[in-house]
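User: I'd like to walk through some helix packing and a sheet here. Can you take my questions one at a time?

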Amino acid sequence: MSEQEKKRIHLVCNAHLDPEWLWEWEEGAAAMLGTFRQAAEFCDEYEGEAFIFNHNEVILYRWVEEYEPELFEKIQRLVKEGKWHIMGGWYLQPDCNMTSGESFVRQIMLGRQYFKNKFGKVPTTAINFDPFGHTRGLVQILAKSGYDSYIFCRPEEREMKLEAMDFIWEGYDGSQVMAHRSHDLYLSFLGKASEKVEEVKELCADQDDMMVLWGVGNHGGGASRKDLAMLKDLKEKLSATHEVVHSTPENYFEQLAKRKDSLPVRQNDLNSTLVGCYTTQIRIKQKHRQLENYLFMTEKMSVFAWSKGLMKYPEDELREAMYDLAKAEFHDILPGSSIEAVEEAGLRVMDHGLEILSRVKARAFFALAKGQPRAKEGETPILIYNPHPFPIKTVVECEFQLENQNREDSFTDIFVYQNDQLLPCQVEDEQANLPLDWRKKVSFIVELAPTQMTRVDCREKVIPKQPKPPKISATENYVFDNGEMRVEINPTSGLIDSYIVAGKEMLKKGGAKFLVLHDDEDAWGTDIYEFRNVIGEFTLLSPKRAAKFAGVHVEELQPVRIVENGNARVTVEALFGYGDSYICQRYHLAHQGSELEMETRVHWNEKQRFLKMSLATVDQKSEFYGQVAYGYDRLFEDGRESVAQRWMIVKSEQEDSALSVITDSTYGSDFKDGELRVSMLRSPAYAGMNLFGRKIMKQDRYSPRIDQGHHIYRTWLNASSAEGRFKEIERESIAHNEKPMALAFFPSGKGDLDTEGFIKLSEGTILVTAIKKAEESDDIIIRLFESSGNAENCIVDLPGYNISEELKFGPYEIKTLSLNPQTNEFKEVSLVEVEL
């Protein structure tokens, strides 16, 4: 057999290294240094065998650069010599479902820039060996970032059948990349690499080229002398029919591309596996969402202020926060599959990013307040900055201090005006608990102009006493009707008995009830695909238990009450209990609009239990959708656990209506027969896994469980026609998650007032997902996305640059635009800011 006729086996040596997992990052760094040092020695020692070591993940290389610079220089030399291959090219291997589309772009940007600057390499094969499933939205991101191929391992074959190990993966917009699912994950055990090669050889007997990922992993290791010797023997054994070569992913896909046209096409995500990770360690997930929102919002505000010459662009600070976000998205941090110490470290690193961003955001806010007139005598100004390119009508909350303490029994009421027009407003309970009329919280309904500062002014009026909220019947439903929505809350259950929008009932009686389901100690939910075993639910507390839970000095407290009432909204509070746990549920009912907001405080003390909020819709025959990275998808409708990001929609099959659910911090859910269950809390063991039928936890001592204690969630329900929901949901969800900043502030009156804003978009389904300074120039990057799955035109106005341009978008298309502030040149570039 000639050399050309032989089949080729590509040996891709790597060492899977989790920076943190069952260990803290310092141990991960130590394992990495030992692994990289040994790999570098093998690269030199096995020159005749052309051994190649492959590794990715910027975070590990940064550690080498800092802690062992001489080894870093050696690796740089080996890369130049082709003995060490820069693989993947991302900052790290993130979770590939809960990470937002824009965060994926940043993972790639951070990785690409580092590897290009330090090694002169830009990989074309992306790898995410270990993450627990992969969103289809990745495909467009990969293709528009210069990748032509992708390697993954999970879900494994036993969890998800594929037509072939190699296939074409097609994204929502029609983008395509070649994809490969590795046989038996990403590693080989010590002395077992040759056995894995034999297995792949048999599995891929009909292929001219095949790839084997090998190397001791899960805490470093990589190649061993034993495996290298055995592979050398195998190479000689197979020499008559196969060419066994140390290789790289790019080399393999270069050969695969020759038969690209014959590969099957997959038009779906790569899910699901280890579904407990959609909810485990909810504190991490909540903080992650908060950091994402803060980063993208602060970038926008910083660009707006910088472009007007009001402040220096805070490039270094924003990059530091971006590093924090990227690290927190690691596939054993964000999914909650780590030990307790890693959970705390993840929270700490995200708090570091949030602290940086809070300072930058304040700096941008005060800069953007320039030109606001000085306050009139007796008025307190509140400034609200809307970072989005579309108007937002919403309830704004803001606290401030009265000029003087009112120590009398009277009460200072507050009235909010915009351009001398009284807005729907009210005073509500402030966060502080001083029994003094001094600190004030106002809530008011206002429309915020796009990418501009909106100003309102508060005027005081002293009245004899603070009005008390009205009492509601203990037996008859409380009914709220603002003309756009009608809500009934049952005082004997504390649940929603009716939610009507535009004359259509959206929920069955008993909506928003809290179910308790059976669970176990497994943090991943290994080999589990659904959580449906309901063992109980939270029920309304008795007046005595309600008083005890609330901590009030009366023996009885009605468990369902109106706690806030005014011209802006009504807030109804309901108190529930189950076992050793409690929930305070607040329904915020605005006097304008059809949106119902719920604020849920959970005091959770259950073990091996799963908490879900049930929203049973009136139509049992309905479809279930959820937001994913740069797209939305139809999710499981048979009770299996699904993963989505900021929103979900239940679309009726019988009527033209849809119910949307926006969340600020949850990702998991399930759906069956018209009932949506939002996953809120699990309480398994830290890094507990079902293995070999053994007991997970020791039974002779106390061991901590995940997510015990106090947690807060915010959820927004809305309804309309199906077309209206899918058209409006993205802008609604981004407005709730990247919430406009409101602050009571007395401006100096100096500077020029901004009356134009930075950017405005025409009505429709196009979103701005990022506005930032370019990575390698002073251009401004604007990223736009078509969110509804329909082709659409959008007019982009940039008033300060005299630009008004109509852009055409295909379904789900991402466009990245670059604006030169000096020349006003406005052009499209790639996702990673390279000229097209």
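User: At roughly what angle do the axes of α4 and helix α9 cross?

Analyst: Quick ground rules: this is a predicted model, where local features need pLDDT of at least 70, side-chain atom pairs count only at pLDDT 80 or more, and totals for chains, interfaces and linings use all residues. Residues are numbered from 1 along each chain as its sequence is written, and side-chain values use heavy atoms, with hydrogens and water left out. Axes are lines fitted to C-alpha atoms, for helices over the stretch in contact, and angles run from 0 to 180 degrees between N-to-C directions. The axes of α4 and α9 (residues 282-307) come within 11 Å, and they cross at roughly 75°.

User: Which residues of α9 make the contact with α4?

Analyst: Contact means heavy atoms within 4.5 Å. From α4, the residues involved are Glu 102, Ser 103 and Arg 106; across from them in α9 sit Glu 292, Leu 295, Phe 296 and Glu 299.

User: And α4 with α10: are they roughly parallel or roughly perpendicular?

Analyst: Helices (H or I, at least four residues) and strands (E, at least two) are DSSP runs, numbered from the N terminus. α4 and α10 (residues 315-328) pack at about 110°, with axes 10 Å apart. Angles under 35 degrees count as roughly parallel, over 145 as roughly antiparallel, 65 to 115 as roughly perpendicular and the rest as oblique. So α4 and α10 come out roughly perpendicular.

User: What order do the strands take in the open sheet of 4 strands?

Analyst: Two strands pair if DSSP finds at least two bridges between them. For instance, 4 bridges join β44 (residues 814-819) to β45, and Thr 816 of that pair stands opposite Val 829 in β45. The pairing in the sheet is antiparallel, and the order is β40-β41-β44-β45.

User: Which strands stand at the edges?

Analyst: An edge strand here has a single partner strand, so one side of it is left without a neighbour in the sheet. That describes β40 (766-773) and β45 (826-829).

User: Is Val 349 buried or exposed?

Analyst: Val 349 is found in helix α11 (residues 340-368). Leaving out residues up to four places away in sequence, Val 349 touches Asp 324, Lys 327 and Ala 328. Buried means under 20% relative accessible area, exposed over 50%, and partly exposed in between (1.4 Å probe, protein chains only). With a relative accessible area of 15%, Val 349 is buried.
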